[in-house]
Amino acid sequence: MSVELYDTLSRSIQTLAPVSGDTLRFYCCGPTVYGPAHIGNFRTFLIQDTLRRVLEVDGTPVKHVRNITDLDDKTIRQSQAEGKTLTNFTTYWTEKFHADCDALNMLRPSAEPSAVAHIPQQIALVEKLIEKGHAYATEDGSVYFRVGSFEDYGRLSRLKQRELKTQSENSAGELNDADEYDRESASDFALWKSRKPEDGDNFWNSPWGKGRPGWHLECSAMVDSAFGGETIDLHGGGIDLCFPHHENEIAQSECAHGHDFCKHWFHSAHLMVEGEKMSKSLGNLYTLDDLREKGFSPMVVRYTLIAGSYRQQLNFTFDGLHASQSALTKLERFAEALLTKTGEDSDSFNASYVTANAPDDFGRLAKAWDALRQNLNTAASLGAIFGVIGSNPAPSLDAGGARALLRAFGCLLYALGLELFTIEAKTIDAPDEVVALAQARWDAKQAKDWGKADQLRDALLAQGWVIKDGKDGFELELKS
Ligand code: AMP
Ligand code: ZN
């Protein structure tokens, strides 16, 4: 069995396989770098990262390209408000984005092209579309895509012509400028926007005069550059991008090249916070730093954001974060119990077992692996893992059996991008009675009295203390 995924284009589950060659071509719309990414953005990026990991574990190499949107109304306005050049401003936020991605254990994409670095390619694409009759320039030096010239327009979102709304500039729904009066049709969208005074220094020369590309264009141009103009296998983004952004990418690319733009489309449902849509006004637009400040480690955030199935809206709550924290602790205990059987310590777990090297047989964890391959069902996969852990975190295995189970477990953790024993905790000295309990638990563990050791561990957890075992002893950390 290979990896299967729900494809928005065909509205069905499809097997993922490269259209040609061995490597799967996977493009994702990346962040708009005008501030820190929020946990909704990260939900989408983490789901994409997890899918890539599953494909790699399954033996399919992936070329994963995720762009940086460094040129749009938001980056321009915000850089101006802060008195910075666009490049200085977007470089800062791109670096912050990378730091957050690293903390969340996301694999770096194979390439991260940016819109500003692809102006000539975008201009060339517009020229091609004009040449083929799919675009037209207006008097003010803007260029629009002629939606009526592409019969298949609406294929992805399944919107009929009459339902097509006036094209918006971005996913936030900012409408086109009011002075775009000379468009042939209200559904035509901007490929090139003539220079406006409020753009300041952010303009480029083109055959139509000074201006800048429209937002939708960048992805078509960057897909061409990254994948040599060939049909790509998979394109991802949050569900809000399906229309108009992805519909417009298809129109631009297919009209320019005359062949399919992309085989499968991968959209993830939105993240809600405590049952509400995220918004600045509600004060629920959390960033990774916000959650770290509240004491949650990035691995707990990752767990929370990938634990729900990607096609369903995920309701982010602080209770959920706490539950993820104890779920991670349970996974750590399972690993520790098995490591004790193999005679290894937890320090070596991530280094020795958490790899993309899939075992031939996942053994007791086969269901958990199948769930990931069957439409990235992370919820079912985690459920199957906890089913195996059950009430017996140290199954009756010999060292060889424990090693085999650790290998399967490590591979699943790699696919989920979860690293154990990394939870950051506040270090303060534990009170004497807590240290005494922890010492009793350590002694029970040395005596292989697992039942007692677990009981004492739970008692410590109930008092808010987490035990971290090393080779020669334990450390106590305050549960965050
Ligand atoms: P942006 O930085 O606004 O360009 O968005 C980056 C990615 O985050 C896109 O794929 C969006 O669809 C996605 N996204 C935005 N808001 C949410 C949300 N609340 N939940 C999940 N994904 C989101
Ligand atoms: Zn895009």
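Hi everyone, let me start with a pair of helices: the axes of helix 9 (residues 318-342) and helix 13 (residues 399-416) come within 8 Å and cross at roughly 145°. The axes here are lines fitted to C-alpha atoms, for helices over the stretch in contact, and the angles run from 0 to 180 degrees between N-to-C directions. Helices (H or I, at least four residues) and strands (E, at least two) are DSSP runs, numbered from the N terminus.

A quick word on the source: this is a predicted model, where local features need pLDDT of at least 70 and side-chain atom pairs count only at pLDDT 80 or more, while totals for chains, interfaces and linings use all residues. Residues are numbered from 1 along each chain as its sequence is written, chains are lettered from A and ligands numbered from 1 in the order in which they are written, and side-chain values use heavy atoms, with hydrogens and water left out.

Back to our helices. Helix 9 passes helix 13 in a left-handed crossing, meaning that the near helix is turned anticlockwise from the far one by less than a right angle. Which residues of helix 9 meet helix 13? On the helix 9 side they are L331, F334, A335, L338, L339, K341 and T342, and they meet A399, A402, R403, L405, L406, F409 and L413 in helix 13. Contact means heavy atoms within 4.5 Å. By class, this contact has eleven nonpolar, one polar and two charged residues. Ala, Val, Leu, Ile, Met, Phe, Trp, Tyr, Cys and Pro count as nonpolar, Asp, Glu, Lys and Arg as charged, and the others, Gly among them, as polar.

Now to the metal. Which protein donors does the zinc ion (ligand 2) have? They are C29 (SG), C219 (SG), H245 (NE2) and E249 (OE), lying 2.1 to 2.4 Å from the zinc ion. Donors are N, O and S atoms within 2.8 Å of the metal (3.2 Å for Na, K and Ca); water is not among the atoms, so sites may look incomplete. Along the chain, the donors follow the spacing C-x189-C-x25-H-x3-E. One pair links distant parts of the chain: C29 sits in the loop between strand 3 (24-28) and helix 1 (39-57), and H245 in helix 6 (residues 242-257), 216 residues apart. Both C29 and H245 are buried, where buried means under 20% relative accessible area, exposed over 50%, and partly exposed in between (1.4 Å probe, protein chains only).

A cis peptide bond joins F243 and P244, with omega about 0°, and P244 is found in helix 6. Q252 is in helix 6 too, and it counts as buried because its relative accessibility is 0%. Leaving out residues up to four places away in sequence, Q252 touches L129, F145, F189, L191, H216, L217 and S220. E254, also in helix 6, is buried at 10% relative accessibility.

Last stop, helix 11 (residues 366-373): A368, W369, A371, L372 and R373 are buried there. Their cover includes strand 1 (4-7), helix 1, helix 12 (378-389) and helix 13. Just after helix 11, N375 takes a positive phi of about 60°.
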